[in-house]
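Reader: I would like to learn how to read aromatic pairs, surface patches and salt bridges in a model. Please take them one at a time.

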Amino acid sequence: MGDRKAVTASSGGFDAVVEHILIHYRWVFVIVLLPLSLLYDVLLYVRSWVVFQLSSAPSKHASKVENVAKQVRQWSAEGARTPMCTARPSWQTMSFRHAKYKKTMFTVNVNLVDILDLSAERRTVRVEPLVTMGQLTATLDPLGWTLPFVPELDDLTVGGLVMGTGVETSSHKHGLFQHICVAYELVLADGSVVQVTKDSDPDLFYSVPWSYGTLGLLTAVEIRIVPALRFVKMQYEPVRSLEEADTVLRRQLDLPEENEFVEALMFSKDEGVVMTGQMVSCVDWGKLNEIGRWHKPWFFEHVRTFLRSGPGVEYIPLRDYQHRHSRSLFWEIKEIIPFGNNPVFRYLFGWMTPPKVSLLKLTQTQAVKKLYERNHIIQDMLVPIEKFKESVLFFDEEVAVYPLWLCPFRLPSEPGMLRVDKDSMYIDIGVYGVPTRKDFDPKETTRRIEAFVSKAKGFQMLYADTYTTREEFRKMFDHSLYDKMRSRLKCDKAFPEVYEKVCRKARD
Ligand SMILES: Cc1cc2nc3c(=O)[nH]c(=O)nc-3n(C[C@H](O)[C@H](O)[C@H](O)COP(=O)(O)OP(=O)(O)OC[C@H]3O[C@@H](n4cnc5c(N)ncnc54)[C@H](O)[C@@H]3O)c2cc1C
Ligand SMILES: NC(=O)C1=CN([C@@H]2O[C@H](COP(=O)(O)OP(=O)(O)OC[C@H]3O[C@@H](n4cnc5c(N)ncnc54)[C@H](OP(=O)(O)O)[C@@H]3O)[C@@H](O)[C@H]2O)C=CC1
Ligand SMILES: CC(C)=CCC[C@@H](C)[C@H]1CC[C@H]2C3=C(CC[C@]12C)[C@@]1(C)CC[C@H](O)C[C@@H]1CC3
C-alpha cells in the first residue's frame with residue numbers, strides 16, 4: 001500500500017521489524033482471523049435459529065424496550081451527569097474509526113437483535129435496531145419478500161442505517177434508507193416510549209434520520225418490503241469517457257420501470273462499466289453466474305472484464321446480487337489479502353471470506369491504523385447528478401482512487417437534515433482506497449473535497465471522517481427542524497449534537 005516504506009522507516013530497531021511484519025504480512029494475521037469470523041457468524045446463526053424456533057422475539061420485545069427505558073430513567077435519577085449514547089462497542093460498527101465518546105458518556109444497552117414481524121398485508125417488516133442486512137435478506141428472500149434495497153455490507157444494522165443513512169442501487173427509485181422506513185419506535189430522553197409515523201408526529205419522524213442517536217434511542221423500525229424474484233438480470237455496458245458515462249447513466253435513469261438497479265464503477269476517469277438490472281424469475285441457465293459462491297472472482301474484478309469483452313448480459317441469484325460487494329469489501333480486501341482473488345486462494349479459503357469488518361477493526365494494530373490514516377481515503381460524497389462529471393474530475397485531481405463507486409439516488413424534497421428545494425436525482429460517489437496523487441494529505445485533501453461538495457449543494461456520508469468545522473457542518477446539513485426537536489424533546493443534557501459525534505475530533 002502507498003507509502004509503506006515511510007511508515008516503516010519512522011521507527012527503529014525491534015519496533016521497526018515488528019511494524020514491518022505487521023504491515024507487510026498483515027494477511028497472515030487476517031488468515032488466522034478468517035475461521036474466527038466464520039465461527040462468529042455460526043454462533044450468531046445458531047442464536048437466531050434458536051430464537052426463531054422458539055418464536056420468542058416478539059413476546060420479549062416489550063420487556064427489552066422497558067429495559068432501555070429503565071436505563072434512561074436511571075441516568076436521570078443519577079443526575080444526568082453526562083450525555084447518553086448506545087453501549088454498542090465501537091469496534092463492532094461499520095466505520096473506520098472508534099468513537100471516543102463511548103468511553104466518557106453514559107452508555108445504554110440497546111440489545112435488540114431480532115426480526116419481529118412480517119406483514120404481507122401491510123407489506124412491511126418490523127425489526128429491532130441491531131438486525132443486520134445479512135440477517136434480513138437471509139430471512140426475507142426465501143419467503144418471497146425483500147427490502148426495496150439492501151445497503152451493502154452484511155453487517156450494517158438497521159439502527160445505524162436509520163440514524164445514519166443507507167444507499168444502494170435501487171435508490172434511484174426508492175431514495176435513501178430513511179425513505180423506505182414507515183415507523184420508528186423510540187425511547188426519549190424522559191424515558192417515555194413513542195411510536196412515530198409520518199402522520200402521527202411528522203416533525204419527529206423527519207428529524208430521526210441522520211440524527212445519529214441524538215434525539216432518542218431507537219428500539220424498532222417498520223420497513224417497507226417488496227416481492228422478491230429469484231434472480232437479477234444484469235446488463236453491463238462499458239463506457240470509454242466520462243461524457244459517455246454521464247450519457248449512459250442518464251439514459252438508464254430515465255427508464256425507472258425497466259431498471260430496478262442502476263450502478264457504475266469507474267476504473268479510471270475515462271473508463272467504466274454501467275450496470276443495470278431487473279428482478280426476474282426465469283433465467284437463461286447458460287448465462288447464470290452465481291457470483292456469491294466462494295470460488296468466484298471478486299465482483300469488481302468481474303465487472304472490469306467487460307471493459308475487454310464489451311457489453312454483456314447475465315443472471316445473478318438475488319441474494320448474491322444484494323451482497324455482491326461484501327466478499328471483497330468493495331475493493332478494500334485487496335489491501336488486506338493481496339492475493340485473495342487468486343483462484344488457488346479462492347478455492348481453498350474463499351468460503352471463509354470476507355473477514356468480518358468488526359474483527360479487522362478490533363485487531364488492527366497502531367501501525368496499520370497509522371498507515372491507513374496517512375495513505376488511505378474512505379469517503380462517500382452525495383452530489384446532485386448534474387455535478388457528476390465535475391465531481392469525478394475533482395476527485396481525480398485530488399486523489400485519483402479507482403475503482404470509484406457510483407450509485408444514483410432519488411432525494412425527495414422533505415423536511416430534515418438533507419433539505420432540497422425540489423425532488424432531485426443525486427449520485428453517491430464512493431472513494432475507497434489508496435490515493436495516487438503525491439500531494440495527498442488526509443486532512444487538507446478531505447477539507448478541499450468537503451468544500452467542493454458543500455458548494456455543489458451535496459452532502460458527506462458521516463460514517464466517514466469529517467473535517468468540517470461546526471459552522472461548515474451546519475451549512476451542509478439543515479439543522480432547523482433538528483434544533484426545534486432537540487429543544488422540544490429536552491435533548492440538551494441527554495444527547496450530544498450530531499456534530500459532536502461525527503467530527504474527526506470525536507473519533508480515534
Ligand atoms: C422464516 C425465517 C424467520 C426468521 N426469523 C428470525 C428471527 O426472528 N430473528 C432472527 O434473528 N433471525 C431470524 N431468521 C434469520 C435466520 O437466523 C437466518 O436465516 C440465518 O441467521 C442466516 O443464515 P444463512 O446461512 O442463511 O446466511 P449466511 O449466508 O450465513 O449469512 C450471511 C451473512 O449474514 C449475516 N447474518 C446472518 N444471520 C445473522 C444474524 N442472525 N445476526 C447477525 N448477522 C447475521 C452474517 O454476517 C453473514 O455474513 C429467520 C429466518 C427465516 C427463514
Ligand atoms: N451501503 C451503505 O449505505 C453503507 C452505509 N454505511 C454507514 O454505516 C453506518 C451504519 O453502520 P452500523 O455499524 O450499522 O451503525 P453504527 O453502530 O455505526 O451507528 C451509527 C449511528 O447510529 C446510532 N445508532 C445506532 N443504533 C441506534 C439506536 N438503536 N438508537 C440510537 N442511536 C443508534 C449510533 O449511535 P451511538 O454512537 O450512540 O452508538 C451512531 O451514531 C451508517 O452511518 C451508514 O451510513 C457504511 C457502509 C455502507
Ligand atoms: C457503500 C458505502 C456507502 C460505503 C462503503 C464503505 C466501506 C468500503 C468501508 C466502511 C467501513 C470500512 C472499513 C474498512 C474498509 C472500508 C470499509 C469496509 C477496513 C476493513 C479497512 C482495514 C482496516 O484495518 C479496518 C477497516 C474497518 C472499516
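Author: What follows goes through these features in turn, with the general rule before each case. This is a predicted model, in which local features need pLDDT of at least 70 and side-chain atom pairs count only at pLDDT 80 or more, while totals for chains, interfaces and linings use all residues. Residues are numbered from 1 along each chain as its sequence is written, and side-chain values use heavy atoms, with hydrogens and water left out.

Reader: How many aromatic pairs are there by the rule used here?

Author: Rings of Phe, Tyr and Trp (its six-membered ring) pair if their centres lie within 6.5 Å; planes under 30 degrees apart are stacked, over 60 edge-to-face, and the rest tilted. The count by this rule is 22 aromatic pairs. One of them is edge-to-face because the rings of Phe330 and Trp405 have planes at 75 degrees, with centres 5.3 Å apart. This pair links distant parts of the chain, 75 residues apart: Phe330 is in the loop between helix H11 (318–322) and helix H12 (333–336), and Trp405 is in strand S15 (residues 404–411). Helices (H or I, at least four residues) and strands (E, at least two) are DSSP runs, numbered from the N terminus.

Reader: Is Phe330 buried or exposed?

Author: Buried means under 20% relative accessible area, exposed over 50%, and partly exposed in between (1.4 Å probe, protein chains only). Phe330 has 8% relative accessibility, so Phe330 counts as buried. Trp405 is buried too, at 3%.

Reader: What does a tilted pair look like?

Author: Phe459 and Phe477 form one, with 5.8 Å from centre to centre and 35 degrees between the planes. Phe459 lies in strand S17 (residues 459–460) and Phe477 in the loop between helix H18 (470–476) and helix H19 (480–488), so the pair ties together parts 18 residues apart in sequence. Phe459 is buried at 3%, and Phe477 is buried at 1%.

Reader: Which residues make the nonpolar surface patch?

Author: Patches are made of residues with over 30% relative accessible area and no salt bridge; like charges are joined within 9 Å, nonpolar side chains (Val, Leu, Ile, Met, Phe, Trp, Tyr) within 5 Å. Areas come from the Shrake-Rupley method with a 1.4 Å probe, and for residues only the protein chains shown count as cover. Here Val42, Tyr45, Val46, Trp49, Val50 and Leu54 make a nonpolar patch of about 610 Å². Val42 is placed in helix H3 (residues 26–54) and is partly exposed at 41%.

Reader: How many salt bridges are there?

Author: A salt bridge is a side-chain nitrogen of Lys or Arg within 4 Å of a carboxyl oxygen of Asp or Glu. The count by this rule is 32. In one of them, Arg324 meets Glu168, with the closest N and O atoms 3.1 Å apart. That pair links distant parts of the chain, 156 residues apart: Arg324 is in the loop between H11 and H12, Glu168 in the loop between helix H6 (158–163) and helix H7 (171–174). Both residues, Arg324 and Glu168, are buried.

Reader: Where does a partly exposed case occur?

Author: Arg293 is partly exposed at 38% relative accessibility. Arg293 forms a salt bridge with Glu290, the closest N and O atoms being 3.7 Å apart, and Glu290 is partly exposed at 31%.

Note on methods
Chains lettered and ligands numbered in written order.
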